[in-house]
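Good morning, colleagues. Please look at the model on the screen, and I shall take you through several of its local features.

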Amino acid sequence: MWVFELITKRGDKVKFTCLRCGKCCSSGPNVSLTASDICRIAKYLSVNWRDLAGKYVYAIIADYIPIVVLRGVNDKCVFLKYVNNTPTCIIYPARPMRCRLYPFLPIAPGENSKLEVSARCPGIGRGDIGEPPWGILEEYLKEVKNHYTKLYELIFIKGIEPLKALEELLDTTCSLK
Ligand code: SF4
Ligand code: SF4
């Protein structure tokens with residue numbers, strides 16, 4: 001049976017402060033990305049999205065759907081560096097939506113009023129009490145829906161090969177940003 005950790009819902013308040021421990025950026029390549037995430041990172045680094053492919057992000061294909069994830073190096077996110085001995089995200093202003101949401105985790109594409117709370121984050125239960133980031137969740141859900149709706153259409157309706165479809169989606173999204 002799949003087990004959810006703590007679930008928080010609209011109206012709940014949660015005690016949380018980020019301790020800058022870097023644990024969430026040190027668990028291997030498990031942050032999935034939408035085209036919007038990738039284009040924001042490319043823009044922030046002033047590069048074409050193609051310059052990120054393979055070096056910073058890569059795609060795995062599951063049932064014809066390409067899933068893009070952040071690359072891990074020695075089980076750490078490729079964008080995590082130590083500055084004055086403090087774990088630091090070097091693309092912080094353009095970090096992926098899932099990183100912005102953490103330690104809150106989206107539950108389902110249509111679920112905008114509940115979030116899972118990661119039990120792995122030592123900052124939960126510390127610091128100020130506040131609302132989970134519902135605004136970021138709404139934005140993320142829109143971007144995820146847009147990403148997979150377009151990919152599905154390109155792959156299953158138009159019959160484009162998965163990686164070509166991803167390229168087409170990224171070219172279109174990045175040209176709009
Ligand atoms: S695991 Fe929690 S406390 Fe540590 S850096 Fe990530 S969000 Fe902050
Ligand atoms: S992109 Fe930044 S915040 Fe996200 S896992 Fe990597 S280092 Fe951490």
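Before the sheet, a word on terms: helices (H or I, at least four residues) and strands (E, at least two) are DSSP runs, numbered from the N terminus, and two strands pair if DSSP finds at least two bridges between them. This is a predicted model, in which local features need pLDDT of at least 70 and side-chain atom pairs count only at pLDDT 80 or more, while totals for chains, interfaces and linings use all residues. Residues are numbered from 1 along each chain as its sequence is written, and chains are lettered from A and ligands numbered from 1 in the order in which they are written.

I begin with the open sheet, which has 3 strands in the order 1-11-10 with antiparallel pairing. Strand 1 (6-9) and strand 10 (104-105) are at the edges with a single partner strand each, so one side of each has no neighbour in the sheet. Strand 10 pairs with strand 11 (residues 114-117) over 2 bridges, and Leu105 has Glu116 as its bridge partner in strand 11.

In the loop between helix 2 (97-101) and strand 10 we find Pro103. The peptide bond leading from Tyr102 to Pro103 is cis, with omega near 15 degrees.

Tyr102 and Pro103 also belong to the surroundings of ligand 1, which include Cys18, Cys21, Cys24 and Cys121. A residue counts here if its C-beta atom, placed from the backbone, lies within 6 Å of the ligand. By class, this shell holds 8 nonpolar, 2 polar and 2 charged residues; Ala, Val, Leu, Ile, Met, Phe, Trp, Tyr, Cys and Pro count as nonpolar, Asp, Glu, Lys and Arg as charged, and the others, Gly among them, as polar.

Another is Asn85, at about 65 degrees, in the loop between strand 8 (80-83) and strand 9 (86-89). Asp63 is exposed, with 6 other C-beta atoms within 10 Å, and Asn85 is likewise exposed with 6 such neighbours.

Finally, the largest nonpolar core has 24 residues, of which Ile38, Leu52, Val57, Leu169 and Leu170 touch the most other members. Helix 1 gives the most to this core, with 5 residues. Such a core is a set of buried Ala, Val, Leu, Ile, Met, Phe, Trp, Tyr and Cys residues joined through C-beta atoms within 7 Å.

Conventions. A residue is buried if 20 or more other C-beta atoms lie within 10 Å of its own, exposed if 12 or fewer, and partly exposed in between; C-beta atoms are placed from the backbone.
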